[in-house]
Amino acid sequence: MDRLEARVLRTHAELAALADEWDRLYAVSPRATPFQTHAWVSAWARAYVPAGELFVAEVRREARLVAAAPLFRDRRGPWRVLAPLGGAISDHTDVLVAADEPGALDALGRVLLAEPGWQVIDLPDVRPDAVARAWADTWPGRASRLPASTVLELPALPLPDLLDRMPPRTAKTMRRKLRKVEQAGIEVRNVPADEVPQAVGRLLRLHEEQWAGRGGTPEHRTERFRDHLVTALTRMVDDGTAVLAEYSSAGEVRVEQILLLGHDTVSYYLAGISPQLRQDMDTAALLVEHDAGLAVQRGAERYSMLRGLEDYKFRWRPEPVVQERVLLSRPGPGGLAYGALVRARAAAVRRVKEQAPWVRELRDRAVRRIRG
């Protein structure tokens with residue numbers, strides 16, 4: 001058997017040079033999501049990771065890239081943690097391994113353990129089918145798993161079939177909303193790659209107007225987030241791993257929406273929606289109708305609404321997918337102490353949530369909506 005060779009890359013230039021090979025590896029990594037594409041992780045690294053803190057492990061067989069772990073080193077209190085490139089703005093965490101290279105996971109672990117300067121690998125949002133779950137099973141040190149975020153997904157079905165999944169009264173209401181959407185004459189186009197910077201600017205302006213006075217995510221208003229989106233989406237739109245959908249009426253752009261296109265999934269990542277349009281119609285119905293059609297057109301298996309338990313999602317009777325936070329500790333007390341702290345904090349947060357009446361009501365309502 002040919003020998004596997006592994007190393008850790010530390011510079012942005014080294015990561016950038018991997019673009020073509022990384023894209024080929026992603027194409028033969030069936031469990032990977034768009035959050036592991038080279039365009040996404042390298043753009044995030046440029047916007048968020050200081051020089052010298054990259055920790056990207058690669059594995060090669062006969063010079064061919066067969067596995068990669070897109071990580072960086074982050075200081076959290078007294079600990080040095082290896083965290084995924086993409087950070088909190090990414091909904092799924094994983095490593096890439098070619099489908100025919102099971103030994104590459106062990107090689108990733110060996111090369112990372114050979115590097116000093118870190119105590120634990122912290123992977124926050126790992127899907128049930130992610131390669132990182134198998135990595136945890138074979139990790140030579142302590143591996144811990146904690147419940148993490150919930151992703152809501154629908155099967156990729158024609159719109160009439162999605163409506164049939166709803167209780168009759170809910171479906172009747174949704175059909176009425178969809179007729180209003182149709183009467184509005186909204187036009188949708190896919191933004192070409194050379195227009196991505198301007199479209200991202202419109203998206204973020206609309207998103208800020210949409211959330212004015214209602215909180216929202218502060219990170220979405222930062223320059224580094226904008227830089228990341230522009231850099232990543234310009235490439236992803238060009239290579240077909242993302243769509244930037246633009247909705248217009250009366251010659252005015254009313255919605256800009258980012259959709260990420262995985263191997264078998266279409267995912268709704270972020271949108272900027274005109275507050276006036278939200279008053280005129282159910283914009284969630286508008287977007288889901290478009291996205292479901294795209295998923296069917298592409299032959300996808302799933303349409304994902306990604307993280308978050310917003311009320312509008314439950315009207316469609318989605319299927320909840322609970323992700324895990326995976327901690328891989330290296331031998332020694334440092335990783336164990338970090339893991340103990342993470343577990344204690346998670347338990348404390350869980351207790352507070354369980355005691356809050358509004359949280360119980362939200363949870364119970366979500367369960368009722370899913371079960372119909």
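## Strand β12 and its partners

In this predicted model, strand β12 (residues 265–273) has nine of its nine residues buried, so the rest of the structure largely encloses it. Strand β11 (residues 252–261) pairs with β12 in the antiparallel sense over seven bridges, and the two form a hairpin with three residues between them. Within this pairing, Val-255 stands opposite Ile-273 of β12.

Strand β13 (residues 302–307) also pairs with β12, here in the parallel sense and over three bridges. Val-266 stands opposite Tyr-303 of β13.

## The ten-stranded sheet

β11, β12 and β13 belong to an open sheet of ten strands with mixed pairing, in the order β4-β5-β7-β14-β8-β13-β12-β11-β10-β9. The edges are taken by β4 (71–76) and β9 (187–190); each has a single partner strand, so one side of each lacks a neighbour in the sheet. From one strand to the next, the twist averages 30 degrees.

Phe-72 stands opposite Ala-83 of β5. Helix α5 (residues 131–138) lies across β7 (120–126), β8 (143–155) and β14 (319–329), and runs at about 40 degrees to β14.

## Nonpolar cores

The largest nonpolar core has 47 residues, of which Leu-85, Leu-229, Leu-244, Ile-258 and Tyr-269 touch the most other members. At least two residues of this core come from each of α2 (19–27), α3 (38–48), β3 (64–69), α8 (196–210), α9 (223–239), β10 (242–249), β11 and β12. A second, separate core of 34 residues includes Leu-159, Leu-163, Val-255 and Val-266.

Beyond residues up to four places away in sequence, Tyr-269 touches Phe-35, Trp-40, Ile-89, Asp-91, Phe-225, Leu-229, Ile-258, Leu-260 and Leu-306. In soluble globular proteins, nonpolar side chains tend to be buried together.

## Salt bridges

The whole structure contains 35 salt bridges. One of them joins Arg-302 and Asp-264, with the closest N and O atoms 3.5 Å apart. Arg-302 lies in strand β13 and Asp-264 in the loop between β11 and β12, so this pair ties together parts that are 38 residues apart in sequence. Arg-302 counts as buried at 18% relative accessibility, whereas Asp-264, at 24%, counts as partly exposed.

Glu-252 and Arg-254 form a salt bridge whose closest N and O atoms are 3.7 Å apart. Glu-252 is partly exposed at 45% relative accessibility, while Arg-254 is buried at 14%. Asp-137 and Arg-145 meet through their side chains in a salt bridge of 2.9 Å, N to O. Here Asp-137 counts as exposed, with 59% relative accessibility, and Arg-145 is partly exposed, with a relative accessible area of 36%.

## Arg-60 and its surroundings

Arg-60 is found in strand β2 (residues 56–61). With 15% relative accessibility, Arg-60 falls under the 20% limit and therefore counts as buried. A network of salt bridges links Arg-60 with Arg-7, Glu-14, Glu-21 and Glu-58.

The side chains of Arg-60 and Glu-58 are also joined by a polar contact of 2.9 Å. Apart from neighbours within four places in sequence, Arg-60 is in contact with Arg-3, Leu-4, Glu-5, Leu-18, Glu-21, Leu-65 and Val-66.

Conventions
Residues numbered from 1 in each chain as written. Predicted model: local features only at pLDDT ≥ 70, side-chain atom pairs only at ≥ 80, totals over all residues. Heavy atoms only, no water. Buried < 20%, exposed > 50% of the residue type's maximum accessible area, 1.4 Å probe, protein only. Helix = DSSP H or I, 4+ residues; strand = E, 2+ residues; numbered from the N terminus. Pairing = 2+ DSSP bridges. Axes fitted to C-alpha atoms, helices over the stretch in contact; angles between N-to-C directions. Contact = heavy atoms within 4.5 Å. Polar contact = N/O pair within 3.5 Å; in protein donor to acceptor, adjacent residues only side chain to side chain. Core = buried A, V, L, I, M, F, W, Y, C linked by side-chain atoms within 4.5 Å. Salt bridge = Lys/Arg side-chain N within 4 Å of Asp/Glu carboxyl O.
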